[in-house]
Amino acid sequence: MCKKFDLIVIGAGPGGYVAAIKAAKAGMSVAVVENIRVGGTCLNRGCIPAKAMIHASSLYEEIHSEANLLGLAVENVTFDYGKIVEYKQATTDELVTGIEALLDGNGVVRFNGKGTLEKDGSVTVKLKEADEEGNELISLEAGNVLLATGSVPSLIPIPGIDLKGVITSDGVFALSKMPESLVIIGGGVIGVEFATVYANLGAKVTIVEALPRILQNMDKEISQNLKMIFKKKEIDIHTGASVKSIELGGEGLIVNYEEKDKPAQATGQLVICAAGRKPNIDGLFGDGVEIEKDGKFVAVNDKFETSIPNVYAIGDIIRKTQLAHAASAYGICAVDFMNGNEPELNLKAIPGCVYTDPEIAQVGMTEADAKDAEIPVISGKFIMSANGKSLITHEERGFVKVVADEASHKVLGAQMMCARATDMIAEFTTAISNDMTVEQMLAGVRPHPTYNEGITEALEDCIGESTHTMPRRRR
Ligand code: NAD
C-alpha cells in the first residue's frame, strides 16, 4: 500500500496538529501520523490536565481561605480525588475529540501508529490496528515531512530512580489516589505547578532544586515571591540542593540530597521527578537516515528545515522554546516556509506562563537580561494592592513590571505575578511583536475594574509616576 501526500506530519501534538490544519487550509493534501492520541503531551499529559487539576485544587483552597471573608458560609467542604481525576480526564477527552473532528473536517488523513522517516524520504507507519486491507505496516510518500514528535520526561541517572513510587509528570496524571506526602525533584515549571496542586489539597510537599532558586529562568523577584507564597502554604523548599539517590524508607521513599555540601534527606509516599524533558525521537529515524543533530535535539535552520531536504522539524525536538504555543507557532511558520511564503507570525516574543497561585507570566527581556546585553532601559512597576479588581478578589499580592528601551521607549519585556497574568501577558506580546512604545501602549483605555489596569499603571511608572501610586517625592 502506498499513499502520497503533499505533507506528512509525524506527531499530532500542538505543533503537529496545528501545522496539519494550517497546511490543509492552504490547499495541501496532508496526513498526520500519531502513535498515542492526538493532542500530544499538552492535551493528554501536560498543560490541559495540569491546569484542570490546578483549577480544582485552587478553588478548593480558595473556598477554605476566602469564603468567610466574602460573607459566605460554606461548611464541610471536602474533595474526592477520584472525581477530580475524572473531571480532568473529561476535559482532556472533550478537547481531543474536538481536534480529531477538526483534522477530519479539514480533510487531514489520520494514521494511528508509529511513524518512521526512511532513507528514501518516505514515512513508514507501524499501525496500531491493521487497516481494511490487513496491512500492519504501510508506506506513505510525501513532498514534505514535518517532524513534530515532542518530548518525554527525563529521568535523572541516580540510584533508586527506578523504584516503585518514583514517577514523572506522566505518572502523576495516572494517579487514582491522592498522595499524603510527596517529594518533587526539580523546582522548574512542572515542579511548582504540581506543588501547587498537592499543597492546595493538603498534602505535605517538599521541593528539592539543584539551582539557587526555584523558577531559575524567570525574573528573580518572581522566584523570591513564589518562595514566600509556597512557605505560607507550608511547602518545604530546598534550593542549591542536588538529589543524589532515592531509597525505600520513611513515609515510603527517602530522597538523599546535598544542600550546601551537607547530606540531607526528604521523605514522602511518592517522588515526582520533574527535572526536565528530552526529545522524543526513539525509532523516528529508519536505517541509514543521517540527520544533523544539535546535542540531543534535531538541528534546524531559521526556516525549520533539517539537514535532509524537504524534512522540517518543530516543537520540543528542536533547541528552541519548549512550550505548546511555541510549537504551534513554529508549525505554522514551517508550513508557510514550505509553501514559499514569509510567515506573518513574529517569533521574537514568546510568552512563558506558570499556573501557580497567583499566576506568573513573562515575555521578552527582564531588567537583568537587558543589563547582561548592555541595553540601557527604563522600567516601571505596579503593585496590585492598589488595583480595585485585585482587592475585590483578594488577589492583591501581585505585581506587573515593564522593561523598555531607554532611548526609543520600545517595550522590551514584561513580568507579571498576579491574578490572570497568563491572559494579560498577551497584551505585551502583541506590543513587543509590533515594536510598540510605552506611549503607544498607554494610548488605549483599559476598562475598570480590571486587572489590566495594572498594565496602565506599570507603563505610566516607566515614564513618570502612576496614578494610583503615592508620589515618591514632594514637588
Ligand atoms: P525545567 O527545566 O523547567 O526544570 C527542571 C528543574 O530540575 C531545573 O530547575 C533543574 O535545576 C532541576 N534539577 C535537575 N536535576 C536535578 C537534581 N538532580 N536535583 C535537584 N534538582 C534538579 O523542567 P520541567 O519543570 O521538568 O519542565 C519541562 C518542560 O516543560 C519545560 O520546558 C517547561 O517549560 C515545559 N512546561 C511548561 C509549562 C507551562 O508553560 N506552564 C508547564 C509544564 C511544563
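Predicted model: local features only at pLDDT ≥ 70, side-chain atom pairs only at ≥ 80, totals over all residues.
1. Start with helix 1 (residues 16-25) and helix 4 (residues 81-105). They pack with their axes 9 Å apart, at an angle of about 30°. Since angles under 35 degrees count as roughly parallel, helix 1 is roughly parallel to helix 4. As for the hand of the crossing between helix 1 and helix 4, it's left-handed.

2. Who does the touching? On the helix 1 side, the contact is made by Tyr17, Ala20 and Ile21, and on the helix 4 side by Ile99, Leu102 and Leu103. If you sort the residues of this contact between helix 1 and helix 4 by type, you get six nonpolar, no polar and no charged.

3. Now the aromatics. Searching the whole structure turns up five aromatic pairs. One to look at is Tyr60 with Phe79: the ring centres are 5.0 Å apart and the planes sit at 80°, so this pair is edge-to-face. The cut-off behind that label is an angle over 60 degrees between the planes.

4. Where do the two partners come from? Tyr60 belongs to helix 3 (residues 47-66), while Phe79 is in the loop between helix 3 and helix 4. The pair therefore ties together parts that are 19 residues apart in sequence.

5. Phe79, with a relative accessible area of 28%, is partly exposed.

Terms used. Residues numbered from 1 in each chain as written. Heavy atoms only, no water. Axes fitted to C-alpha atoms, helices over the stretch in contact; angles between N-to-C directions. Helix = DSSP H or I, 4+ residues; strand = E, 2+ residues; numbered from the N terminus. Parallel < 35°, antiparallel > 145°, perpendicular 65-115°, else oblique. Left-handed = near helix turned anticlockwise from the far one by under 90°. Contact = heavy atoms within 4.5 Å. Nonpolar A, V, L, I, M, F, W, Y, C, P; charged D, E, K, R; others polar. Phe/Tyr/Trp six-rings, centres within 6.5 Å; stacked < 30°, edge-to-face > 60°. Buried < 20%, exposed > 50% of the residue type's maximum accessible area, 1.4 Å probe, protein only.
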